[in-house]
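Subject: Structure handover

Hello,

Here is the structure we talked about passing on. Please open it first, then read my notes below.

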Amino acid sequence: MATQHSRSAARAMMAPAVFLLLVWMLVPLILTLWFSTLDYRPLRGTFDCCEGLGNYVRFVSSSAFWDSILTTLQLLGGVLLITVVGGIGLAILLDQPIWGQGIVRILVIAPFFVMPTVSALVWKNMFMNPVNGLFAHAFKAVGLEPVDWLSQFPLFSIILIVSWQWLPFATLILLTAIQSLDSEQFEAAEMDGAGPFARFGYITLPHLARSITVVVLIQTIFLLSIFAEIFVTTGGAFGTRTLTYLVYQRVIESQNVGLGSAGGIIAVILANIVAAILMRVVGKNLDA
Amino acid sequence: MARAVTTQRKIVFTALAWGIGLMIFFPILWTILTSFKTEATAIADPPVFFNFDWTLENYQVVQERSDYMRYLWNSVALALGSTFLGILIAVPAAWSMAFVPTRRTKNVLLWMLSTKMLPAVGVLYPIRLILIQLGLLDSKIALIFILMLINLPIIIWMLYTYFREIPGEILEAARMDGATLKDEILYVLTPMAIPGIASTVLLNIILAWNEAFWTLTLTTVNAAPLTAFIASYSSPEGLFYAKLSAASTMAIAPILIMGWFSQKQLVRGLTFGAVK
Amino acid sequence: MGRITLDKVRKAFGDVEVIPPLDLRIEDGEFVVFVGPSGCGKSTLLRLIAGLEDVTSGEIRIDGTDATHLSPAKRGLAMVFQSYALYPHMTVRKNIAFPLKMAGMDQAEIDRRVDGAAKVLNLSSYIDRRPGQLSGGQRQRVAIGRAIVREPSAFLFDEPLSNLDAALRVGMRLEISELHKRLATTMIYVTHDQVEAMTMADKIVVLRAGHIEQVGSPLELYRTPRNTFVAGFIGSPKMNLIEGAEAEKHGAHTIGVRPEHFQISTEGGTWTGTIGVSEHLGSDTFFHVTVPGFAEPLTIRAGGEVDLHYGDTIHLTPDASQIHRFDAKGLRLP
Ligand SMILES: Nc1ncnc2c1ncn2[C@@H]1O[C@H](COP(=O)(O)OP(=O)(O)OP(=O)(O)O)[C@@H](O)[C@H]1O
Ligand SMILES: [Mg+2]
């Protein structure tokens, strides 16, 4: 269904979205690119031209950079693993005939509605606090030494908090997918003598492949730019400084705009690499 | 599977599901409970669950300290404004992608999604500068625009996957029936896609409501939404659990209630085309 | 009025030419059927006429005026789609009224026409239901109703009956034919069911790979197929095509004999063969007969109650006046 009329209409109707996103992407990017070549430290009043690639060299050669990349990957991997595996498990569980299914579903999706600042604050203070947190109470109750979660296991704690927030999303998408699974397929497999594990491996999992891709894609998009959870809990200390957070510290906390901008550009490049890889993998799966 | 399920099996699964469900929900429940306690009960060891003297005092204190209604109104305005604007721009774009696909369509979509992967911190400084220049720092209009832009790729994607399931023949029939493009979208496509649009709107409201980077860095007073309201309780002097809980409850209650009431609509469209 | 003329109309999707330049005249009030195998471009041709696709080159005229670049809405044609394409969120009444509403007609006139169409099509008792609550045949009628209220200059049908079961298909076939008689409006009807083509058409257009193989009345095509393709396509069961020595006896590369043009006998005839599968339909019986030396078994029509069985020997004599002769390129020899 394509005539000249509809094709030009289509172009006209795409235009606002494409234009806005292009501006939204390019203008700040160009400014950042420009800043990244300057020695720009507003607090000291320096605004000197022509650092060249100096800021980039300085940013990449600091050990903080490589640490932050590792941290970012660990956070991403940890959360994806927990939410995808947990999401599949929960989706299968919620697909079973149980009493009060609707209520359980409401309970399970609730964390998705909680804003990241709130969940970080609540987890940090009311659960992970080494003195008054519930975990500390629980440890004491069974005779264990309370743990200061956010300084002893900081990254793990953040992964836990973020996973709690994103598990509902993964569960919902996977649950919809599981419910769309044709039960005749299962019956056929059962007739063919496939046990529960074989049925999971040969039917459920392949059927979920597209949904898992979607979950991974969307969560990666959001997780790469995770901010509030770190800001509120550790402030980037104890090896929880992701690349995003490192750039934030350089630009805002130490007011070194030149250096931070270089970091920002590097983050943009890396994000694009991740995006390209992801799109390559996902694009295929998203094909109609 | 249409087959009698043994009661025993059902009991086991019910217990398991409820156990896990309550565990996942517990942090929220605990926050709500704590918001009705006194500060002393809030940190009592062993913890108290239900048998304490319920008090509304924390809510009063929080309301006195910060003007909740203003933050709430800002959150509502930002979430609804950015969603409305986003839908307005996304529906035509998604129509184009779904019904007049070209060789580039998929790449355009992926490019749009990739703009969401750009780390916001990288461009925070220039955006701030631009807004200051325009005198739009701490303005709702600017934030509505920015929230719309950051969620636009997701909205377009969701609508696109939804529109694609609508047979093109129906739109062609409308065209044969003399409908203009506007009529076609307004009277035929949109009503047919209501479930998908509803789901998209809901997801977008949730995302906009909870967005906590731009709303924190680009507002001070006038445009500050609930994310900023709660952030003011993260400083050490705000660390009274009961008050923190009350503030948290106030920040999440509206969206939590909306989410629960609309979860059927939300879930129905939340497939991103992954379910055939 | 509905005279439609295609002048060197060509359609290519990218590099693939689906319709090579093609000329066709459709007279006012004619019932024209496009037939051809799947993928031959029937729908594409119809959509070109409708304006849902652009022609790559060439000209389409409706009632003498150039419509090549008109939008579908302005061509004054109505289309009935294979999937019915009803608006699922509107009631039957609203569905039928939609084109009139789009034309900005006043409500009283809309109601009058919708009620008229509903009566003609026996839809009055479902008028407030939605398409989802209707059966396939009823949906089909709504789609037709939506088309007729506009009083278009021509109707376009794209395989409108292919989603219906066999019994309903026969019924709807009659209804559409009757509608055509009553309205006397041009109808262009796409199908790959040659029974529909034979029974409904004033004029059949046989297409293959975007080419028009032959245009003519059903009987013309039946009696004098221009080539082996048309010969094999029109008529059911298919015409038997025989090559080789037997054909050369008639001075042709290929000869064709329809199943109904044989005399059968148990004593003697031109060809002798063995009965394979036989299909008893009650009124007729079709035998598949293997004749030594022929590449394919022949299909033979016999009367309803013939007492012949699997493995029996049978003698066949083709009706001499009904032997079609074709040359090496498959074209009909005079
Ligand atoms: N939009 C398109 N892009 C590319 N090729 C197309 C397009 N539409 C149709 N075609 C090709 O054009 C040819 C004719 O298609 P068309 O749908 O007209 O066939 P048809 O005769 O209606 O077949 P059927 O009986 O199966 O409906 C087919 O080979 C098809 O693959
Ligand atoms: Mg077709």
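This is a predicted model: local features need pLDDT of at least 70, side-chain atom pairs count only at pLDDT 80 or more; totals for chains, interfaces and linings use all residues.

I start inside chain C. Domain 1 of chain C and domain 2 of chain C together bury about 390 Å², with 54% of that on carbon and sulfur atoms.

Domain 1 of chain C runs over 4–227, and domain 2 of chain C over 237–326. Their C-alpha centres are 38 Å apart. The contact involves five residues of domain 1 of chain C and six residues of domain 2 of chain C. What holds for charges and polar groups there? Salt bridges between domain 1 of chain C and domain 2 of chain C number zero. Polar contacts do turn up: two residue pairs across this interface, both at pLDDT 80 or more. On the side of domain 1 of chain C that touches domain 2 of chain C, three residues are nonpolar, one is polar and one is charged.

Next, the ligand. Which residues surround ligand 1? They are Phe13(C), Val18(C), Ser38(C), Gly39(C), Cys40(C), Gly41(C), Lys42(C), Ser43(C), Thr44(C), Glu159(C) and His192(C). In Ser38(C), a polar side-chain atom sits 2.5 Å from an oxygen atom of ligand 1. For Thr44(C), the distance from a polar side-chain atom to an oxygen atom of ligand 1 is also 2.5 Å. Lys42(C) has a side-chain N or O atom 2.8 Å from an oxygen atom of ligand 1. Alone, ligand 1 exposes 640 Å², and the protein buries 57% of that.

Now the chain interfaces. Between chain A and chain B, the contact takes in 100 residues of chain A and 109 residues of chain B. Chain A and chain B bury about 9500 Å² between them, and 80% of that area is on carbon and sulfur atoms. How many salt bridges link chain A and chain B? The count is zero. Polar contacts across the interface of chain A and chain B come to nine residue pairs, both residues at pLDDT 80 or more.

The contact of chain A with chain C reads as follows. Six residues of chain A touch eight residues of chain C. About 410 Å² is buried between chain A and chain C, 38% of it on carbon and sulfur atoms. The salt-bridge count between chain A and chain C is one. That bridge joins the side chains of Arg7(A) and Asp54(C), at 3.9 Å from N to O. The side of chain A that touches chain C has two nonpolar residues, three polar and one charged.

Then go to Ser38(C) beside ligand 1. Finish at the salt bridge of Arg7(A) and Asp54(C).

Best wishes

How values were computed
Residues are numbered from 1 along each chain as its sequence is written. Chains are lettered from A and ligands numbered from 1 in the order in which they are written. Side-chain values use heavy atoms; hydrogens and water are left out. Domain bounds come from an automatic or database domain assignment. Contact means heavy atoms within 4.5 Å. Buried area is the accessible area (1.4 Å probe) that two parts lose on being put together, summed over both. A salt bridge is a side-chain nitrogen of Lys or Arg within 4 Å of a carboxyl oxygen of Asp or Glu. A polar contact is a pair of N or O atoms within 3.5 Å; within protein, one must be able to donate a hydrogen and the other to accept it, and residues adjacent in sequence count only if both atoms are side-chain atoms. Ala, Val, Leu, Ile, Met, Phe, Trp, Tyr, Cys and Pro count as nonpolar, Asp, Glu, Lys and Arg as charged, and the others, Gly among them, as polar. A residue is near a molecule or strand if one of its heavy atoms lies within 4 Å of it. Accessible areas come from the Shrake-Rupley method with a 1.4 Å probe; for residues, only the protein chains shown count as cover.
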